[in-house]
Amino acid sequence: MTQPLALVLYEKLLPGTQLVNRLQDLNYRVQVVSDPATLVETAQQAGPMLVLADLESTGNVCAAIALLKKTSATSHLPVIAFSSDGATALQNEAKDAGATLIVSEGAILTHLPQFLEQALLVE
């Protein structure tokens with residue numbers, strides 16, 4: 001069986017690389033996206049199962065999430081957005097942009113299997 005693909009948008013080494021390693025431990029293939037402006041194009045080409053995005057990356061991550069959700073070929077993709085605990089404004093913006101889940105950096109690694117399960121639930 002083919003491993004599912006996760007796109008991970010991050011810039012900071014921690015928790016980005018830890019998240020990539022944890023996803024690989026959970027048998028996901030991972031493709032890293034470093035520029036929010038290329039998120040939609042990468043998602044269209046790669047065909048991921050889900051997207052994980054660090055809201056505090058350089059560039060407008062929330063605008064990239066909104067475009068991902070407005071594009072017919074990628075609108076179905078669940079998005080798990082994460083940020084530091086104090087980034088309430090960014091978290092609210094990500095919710096408005098259409099992120100499926102918004103979680104803290106501290107929680108994402110600890111509870112990743114549960115977040116993946118919740119994000120991938122078919123409504």
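Me: What does buried mean for a residue here?
Reply: Buried means under 20% relative accessible area, with exposed over 50% and partly exposed in between (1.4 Å probe, protein chains only). The model is predicted, so local features need pLDDT of at least 70 and side-chain atom pairs 80 or more, while totals for chains, interfaces and linings use all residues. Residues are numbered from 1 along each chain as its sequence is written, and side-chain values use heavy atoms, leaving out hydrogens and water.

Me: Why is strand E1 called largely enclosed by the rest of the structure?
Reply: Strands are DSSP runs of E with at least two residues, and helices are runs of H or I with at least four, numbered from the N terminus. In E1 (residues 5–9), 5 of the 5 residues are buried, so the strand is largely enclosed. Leu5, Leu7 and Leu9 point one way and Ala6 and Val8 the other way, and all are buried.

Me: What makes E1 and strand E2 a pair?
Reply: Two strands pair if DSSP finds at least two bridges between them. E1 and E2 (residues 29–33) are joined by 5 bridges and run parallel. Leu7 has Gln31 as its bridge partner in E2.

Me: Why are helices H3 and H4 called roughly parallel?
Reply: Angles under 35 degrees count as roughly parallel, over 145 as roughly antiparallel, 65 to 115 as roughly perpendicular and the rest as oblique. Angles run from 0 to 180 degrees between N-to-C directions, and axes are lines fitted to C-alpha atoms, for helices over the stretch in contact. H3 (residues 61–70) and H4 (residues 88–97) pack at about 15°, with their axes 8 Å apart. H3 and H4 are therefore roughly parallel.
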